[in-house]
Amino acid sequence: MAEITVFSELCKGMEDCGICSFICPEDIFHPSGQTNPAGYVFPELRNVENCISCLSCMMCCPDFAIVAIKESKKEEVCDD
């Protein structure tokens, strides 16, 4: 799972863009019903636990409104 942040103030909205919703294979992005200062309805995240960390949402967002960070696996450190 990735940690996903949507910067709503940068988003052009689900109606005018919606690429995140279209590109997400796990259907995580849905209209929030709220508007940003520019008047666009930005996405909200649902069922984030289904995220497969493909990072497509971040790579395809034309407005850089999404940041997705893959969860790193914790490595055990052996103190000898």
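Tutor: Happy to! Contact means heavy atoms within 4.5 Å. Keep in mind that this is a predicted model.

Student: Which residues is His-30 in contact with, leaving aside its neighbours within four places in sequence?

Tutor: With those neighbours set aside, His-30 is in contact with Met-14, Phe-42, Pro-43, Glu-44 and Arg-46. His-30 itself sits in strand β2, residues 29–35.

Student: Why is His-30 called buried?

Tutor: Buried means under 20% relative accessible area. His-30 has 15%, so it is buried.

Student: What makes the pair of Asp-27 and His-30 a polar contact?

Tutor: The cut-off for such a pair of N or O atoms is 3.5 Å. A polar atom of the His-30 side chain lies 2.9 Å from the backbone oxygen of Asp-27, so the distance is within the limit.

Student: Why is Phe-22 called exposed?

Tutor: Exposed means over 50%. Phe-22 has a relative accessibility of 73%, so it counts as exposed. Phe-22 belongs to helix α1, residues 19–23, and together with Ile-19 and Ile-23 it makes a nonpolar surface patch of about 290 Å².

Student: How many disulfides does the structure hold?

Tutor: The structure holds 0 disulfides. Cys-11 is in none, and its nearest cysteine sulfur is that of Cys-20.

Student: How do you know that Cys-20 is too far from Cys-11 for a bond?

Tutor: A disulfide needs two cysteine sulfur atoms within 2.5 Å. The sulfur of Cys-20 is 6.2 Å from that of Cys-11, so it is too far for a bond.

Student: Are these two cysteines buried or exposed?

Tutor: Cys-11 is buried at 12%, and Cys-20 counts as buried at 10%.

Terms used:
Residues numbered from 1 in each chain as written. Predicted model: local features only at pLDDT ≥ 70, side-chain atom pairs only at ≥ 80, totals over all residues. Heavy atoms only, no water. Patch = residues over 30% accessible without salt bridge, like charges linked within 9 Å, V, L, I, M, F, W, Y side chains within 5 Å. Areas by Shrake-Rupley, 256 points an atom, 1.4 Å probe, with all protein chains shown as cover. Salt bridge = Lys/Arg side-chain N within 4 Å of Asp/Glu carboxyl O. Helix = DSSP H or I, 4+ residues; strand = E, 2+ residues; numbered from the N terminus. Buried < 20%, exposed > 50% of the residue type's maximum accessible area, 1.4 Å probe, protein only. Polar contact = N/O pair within 3.5 Å; in protein donor to acceptor, adjacent residues only side chain to side chain.
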